[in-house]
Amino acid sequence: MGKIYTIGEALIDFIPVQTAANLSAVDAFQKRPGGAPANVAVAAAKLGAEAYFIGMVGDDPFGHFLKDTIQNYGVNTRYLKTTKKAKTALAFVSLAEDGQRDFSFYRNPSADLLLDKRDVEEVEFTSEDYISFGSVDLVEYPVKYATEYLLQKAKAANATILFDPNIRKDLWDDLEECRQTVLSFMKYANIVKMADDEVEFITGKTSVKEAIEVVKQYGVEHVIVTYGPEGSDAYLKHCHSHADARKVDPIDTTGAGDTFVGALLYYLDHHKQKPDHISPEMMKEGLCFANHAAAIVTTKKGAMNAAPTLEELQKYYRRIPCLKEQI
């Protein structure tokens with residue numbers, strides 16, 4: 001099997017103790033490890049993948065906590081660097097009654113933004129590997145160019161590249177710059193995964209069918225759209241697959257999309273399936289597997305701690321008609 005790499009931010013999520021519609025109403029928070037790429041790596045590792053996180057944290061208590069936590073979940077932290085030049089990023093989150101979130105980030109700049117090309121030159125890929133990245137660290141800091149350098153190496157090695165933009169509008173001074181940056185990085189991706197509430201912002205289209213045509217103009221052959229409790233769709237070069245989500249009562253949706261990505265990459269790697277050749281039936285099963293992993297995350301607070309192990313997922317296999325009992 002190949003290796004699963006993620007690059008980008010690791011940060012501290014401060015999750016509210018009580019439910020509140022906005023941050024101004026929150027009185028107390030709990031510390032949780034987070035950052036979308038770090039969450040993806042942990043989700044894949046907890047399922048059994050050989051996962052690597054590439055990034056930078058501050059040489060401070062929060063940074064040390066993140067490195068220890070990610071490592072304890074089974075992620076290889078060989079490429080996780082530390083710096084004294086900036087502090088580890090923080091994100092304060094509020095949770096509404098339905099588990100939806102409101103974010104406020106403290107990172108101007110934070111350590112993750114200072115990852116430099118020189119910090120990642122030793123990373124090498126093979127055609128069996130996967131790498132996932134997002135848009136949070138594509139602002140004008142060294143990490144943007146370190147990411148681009150790695151994506152060029154991964155593409156040259158014929159590794160599979162998944163781009164989950166994971167839009168955070170409040171991190172950008174200019175939303176059009178955000179949109180154009182996301183579109184410009186699509187040329188590196190084999191797979192683009194978008195949440196349904198990101199589709200119009202990224203592509204300018206309200207119709208998913210039209211949005212997919214926009215994305216494919218950038219050379220992307222495979223698009224995945226997630227709909228939370230309504231499941232997910234995969235529009236591959238040669239087929240379309242849909243899988244329903246498992247119905248749960250969510251209390252915190254933090255990390256659900258990241259776990260979806262980590263679980264899907266684990267599934268593809270475990271079955272040695274590249275998106276160019278996967279059958280519609282196997283793609284449906286992969287979506288179902290990822291949907292189910294994401295649903296479990298929403299029933300707990302936090303992201304990394306909530307991501308399921310393979311054993312936890314297997315407990316529910318008989319309840320999921322599109323999954324086999326063993327994987």
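Where in the chain does Asn 158 lie? Asn 158 sits in the loop between α3 (142-156) and β9. This is a predicted model. The structure holds twelve salt bridges, and the count of aromatic pairs also comes to twelve. The points below take the backbone first, then rings, charges and two further residues.

- Most residues other than glycine have a negative phi, and most peptide bonds are trans.
- Asn 158 is not a glycine, yet its phi is positive, at about 65°.
- Asn 158 counts as exposed, because its relative accessibility is 54% and exposed means over 50%.
- Lys 272 also has a positive phi, near 55°, and is a residue other than glycine.
- Lys 272 belongs to the loop between α7 (256-270) and α8.
- With 65% relative accessibility, Lys 272 counts as exposed.
- The peptide bond that joins Asn 108 and Pro 109 is cis, with omega at about -10°.
- Pro 109 is part of the loop between β7 and β8.

**Aromatic rings**

- A pair of aromatic rings is described by the distance of the centres and the angle of the planes.
- Twelve aromatic pairs are counted.
- In one of them, the ring centres of Phe 133 and Phe 163 are 4.2 Å apart and the planes are at 5°, so this pair is stacked.
- Phe 133 is in strand β8 (residues 130-133) and Phe 163 is in strand β9 (residues 160-163), so the pair ties together parts that are 30 residues apart in sequence.
- Phe 133 counts as buried because its relative accessibility is 2%, and buried means under 20%.
- Phe 163 is buried as well, with a relative accessible area of 0%.
- Phe 133 also pairs with Phe 185: their ring centres are 6.2 Å apart and their planes at 55°, so this pair is tilted.
- Phe 185 lies in helix α4 (residues 175-185) and Phe 133 in strand β8, so this contact ties together parts that are 52 residues apart in sequence.
- Phe 185 counts as buried, at 2% relative accessibility.
- Elsewhere, ring pairs link Phe 14, Phe 29, Phe 62, Phe 92 and Tyr 106 into a cluster.

**Salt bridges**

- Side chains of opposite charge can pair when their charged atoms come close.
- Twelve salt bridges are found in the structure.
- Arg 78 and Glu 122 form a salt bridge, with their closest N and O atoms 3.5 Å apart.
- Arg 78 is in the loop between α2 (61-72) and β5 (80-83), and Glu 122 is in the loop between β7 (101-106) and β8, so the bridge ties together parts that are 44 residues apart in sequence.
- Glu 122 counts as partly exposed, at 40% relative accessibility.
- Lys 81 joins Arg 78 and Glu 122 in a network of salt bridges.
- Glu 176 forms a salt bridge with Arg 179, and the closest N and O atoms are 3.3 Å apart.
- Glu 176 and Arg 179 are three residues apart in helix α4, so about one helical turn separates them.
- Glu 176 is partly exposed, with a relative accessible area of 39%.
- Lys 300 and Glu 312 form a salt bridge, their closest N and O atoms being 3.4 Å apart.
- Lys 300 lies in the loop between α8 (280-297) and α9 (310-314), while Glu 312 lies in helix α9, so the pair ties together parts that are twelve residues apart in sequence.
- Lys 300 is partly exposed, at 29% relative accessible area, and Glu 312 is partly exposed too, at 23%.

**A charged patch**

- Asp 196, Asp 197, Glu 230 and Asp 244 form a negative surface patch.
- Asp 197, one of these residues, is in the loop between β10 (191-195) and α5 (199-203).
- Asp 197 is exposed, with a relative accessible area of 66%.

**Two buried residues**

- Gly 302 is found in the loop between α8 and α9.
- Gly 302 counts as buried, at 1% relative accessibility.
- From C-alpha to C-alpha, Gly 302 and Gly 219 are 35 Å apart in space, and they are 83 residues apart in sequence.
- Val 182 lies in helix α4 and is buried, with a relative accessible area of 0%.
- Val 182 and Asp 164 are 18 residues apart along the chain, and 9.6 Å separates their C-alpha atoms.

Definitions and conventions. Residues numbered from 1 in each chain as written. Predicted model: local features only at pLDDT ≥ 70, side-chain atom pairs only at ≥ 80, totals over all residues. Heavy atoms only, no water. Patch = residues over 30% accessible without salt bridge, like charges linked within 9 Å, V, L, I, M, F, W, Y side chains within 5 Å. Areas by Shrake-Rupley, 256 points an atom, 1.4 Å probe, with all protein chains shown as cover. Salt bridge = Lys/Arg side-chain N within 4 Å of Asp/Glu carboxyl O. Lys, Arg positive; Asp, Glu negative; His and termini not counted. Charge placed at Lys NZ, Arg CZ, Asp CG, Glu CD. Helix = DSSP H or I, 4+ residues; strand = E, 2+ residues; numbered from the N terminus. Buried < 20%, exposed > 50% of the residue type's maximum accessible area, 1.4 Å probe, protein only. Phe/Tyr/Trp six-rings, centres within 6.5 Å; stacked < 30°, edge-to-face > 60°.
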